[in-house]
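Okay everyone, thanks for coming.

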Amino acid sequence: LLVALVGLTSCLNNTTTSTTSSEARVATFTFVADTANPGLTTMTYKVEHRSDTGLIYSPDSLTFGTRLDSVIPSVSYLATPGMATFILPDTTIVSTGADTMNFTVRPIYLHVLASDMKTEKVYEINIFAHQVNPDLYEWSCLTDNLFAPQEAPNCEMKAFYIQDQIIVYVNDGLSTHIYQSKDGEKWEQNTNAVVGLPVPCHVRDILQHGHDLYYIDGTSLYTSSDLTTWTEQDCSSASFTLINMLVSYDGKPWCIVQDNASQALMLATINGGKIEPQTEINGLEGGVLPAGFPISDFAALEFRSSSERPRAMIVGGRAMNGDIVNARWNLEYSANAGYRIKDFSIVQPTFETLNGVSIIQYADQLIMLGGTDNNLDMRTDILYSKDEGMNWYVPDSANNQLPSSYTTRSHQSVLVDNEDNIYIIGGQTTTQSLSDVYRGFLNSSKWD
């Protein structure tokens, strides 16, 4: 009997008691890695428990091209659940950790039942992938003719963005007209006559500085603050000749002047109507520009560097002797060094010669469009620079390609409005002037 009791006691001591939990919350959520669908696992998914229905979501849409129609969710829990079930509009799937599911349908819920088989928690799952390529530029032609260039096949034009309007100056050799638009599609001619500009006028050489416009012509400086009325300032008594406006930089309009005695070219600033040659610029001995510095047909842009320092870049154009040049000049200012200018074409001499190109700063890079090469052949490539103009490359044509209706050209106007739209307006082919308008934008620029 004693032996029997000992045996019974031993059996009772081997009995185990199972432990249950009322914890039904999710710890983490992701997807099983798929080499053919890498965008799934590059995202860190968020879990919010909340007091009512919890939420599982991606902080941003998954990268364009990520497939969600055949994926395997992977879920961890704060405690082992009694059961977890995915509830889709057309089916219910008990989670095993190896279930292939379609996450493109809506809504999707995850129902978690704690191991006590009483406590439950429901999560809504909101995970999306970009359906539009964020790196794609969308281009469209807004109008074939904002005016009738056939009436003046060799007219000059230049566009500006001033006070939320696109302003286009057109000179046909006899007079200057202004066309205006708020959206690039609907245009109207300014009924006020342009008064005070010389005839003919090279409107491509007009420079915008804030809301004001500047133009120089040998011995006269012309300025306008209302588009139509221009004031002439006689500079014939100065010791220099006015060659061309250059760029708006560091809060001042800059121009190119030629010393009457030495014939040297120099940079000058305009302050309150006073033209001041800059004789102390680092990189220029005595402020004298080299013979190859462009005086016309160049692209000039003020932009901000990655360190938020204002800079100006002058690219391409024709030198005093008429040659098309390989020019990429960078002008900047620092409190320690003052103004300094550097020729990037010396650092990267393989860059081609350019004439009549346009440059804008857009989406944290510089973009160059249009123009001709040294043989006056039209350039067809769009070029990008991510290092502030030192190096340029051709982007993926699948992401940025102008429409087939677009005519290659030079001396086009390219500008960016307040809504991150790029406008290409008019320009010149080898035989005629153009007056069409194209608008483009980077898809991601339209996303909040």
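Predicted model: local features only at pLDDT ≥ 70, side-chain atom pairs only at ≥ 80, totals over all residues.

The chain has two helices and 31 strands. Its radius of gyration is 33 Å, while the globule rule gives 22 Å for 448 residues, so the chain is more spread out than a compact globule. You can see that in the dimensions too: the C-alpha trace spans about 135 × 50 × 40 Å along its principal axes.

What about burial and surface? Of the 448 residues, 46% count as buried. The chain exposes about 22200 Å², and carbon and sulfur atoms supply 48% of that. On contacts, take the pairs at least 6 apart in sequence: 53% of those contacts join residues at least 24 apart. As for charge, there are 25 positive and 51 negative charges, and their mean positions sit 6 Å apart.

Now let's zoom in. I'll begin with Pro-73, which is in strand β4, residues 73–77. Is Pro-73 buried or exposed? It counts as buried, because its relative accessibility is 5% and the cut-off for buried is under 20%. So who is it touching? Setting aside neighbours within four places in sequence, Pro-73 is in contact with Phe-29, Thr-30, Phe-31, Phe-86, Gly-97, Asp-99, Met-101 and Phe-103. Take Asp-99 from that list: it is 26 residues from Pro-73 in sequence, yet the two C-alphas are 7.3 Å apart.

Next, Gln-412, over in the loop between β28 (383–385) and β29 (413–416). This one is buried as well, with a relative accessible area of 5%. Where does its side chain go? It reaches the backbone oxygen of Leu-369, at 3.3 Å. Leu-369 also turns up among the residues that Gln-412 touches, if we leave out those up to four places away in sequence. That list includes several glycines, among them Gly-356, Gly-370, Gly-371, Gly-426 and Gly-427. Val-357, Ser-358, Ile-424 and Ile-425 are on it too.

Okay, on to backbone geometry, and two prolines to look at. The peptide bond from Arg-106 to Pro-107 is cis, with omega near -5°. Pro-107 sits in the loop between β6 (92–94) and β7 (108–113). The bond from Val-199 to Pro-200 is also cis, omega near -5°, and Pro-200 lies in the loop between β13 (188–189) and β14 (207–209).

Last stop: a couple of aspartates with positive phi. Asp-164 has phi near 65°, a positive value in a residue other than glycine. You'll find it in the loop between β10 (156–162) and β11 (165–171), and it is partly exposed, at 45% relative accessible area. Then there's Asp-250, where phi is near 55°, again positive and again not a glycine. Asp-250 is in the loop between β18 (240–249) and β19 (252–259). How accessible is Asp-250? It comes in at 29%, so it counts as partly exposed.

Technical notes
Residues numbered from 1 in each chain as written. Heavy atoms only, no water. Helix = DSSP H or I, 4+ residues; strand = E, 2+ residues; numbered from the N terminus. Rg over C-alpha atoms; globule rule 2.2 N^0.38 Å. Buried < 20%, exposed > 50% of the residue type's maximum accessible area, 1.4 Å probe, protein only. Contact = heavy atoms within 4.5 Å. Areas by Shrake-Rupley, 256 points an atom, 1.4 Å probe, with all protein chains shown as cover. Lys, Arg positive; Asp, Glu negative; His and termini not counted. Charge placed at Lys NZ, Arg CZ, Asp CG, Glu CD. Polar contact = N/O pair within 3.5 Å; in protein donor to acceptor, adjacent residues only side chain to side chain.
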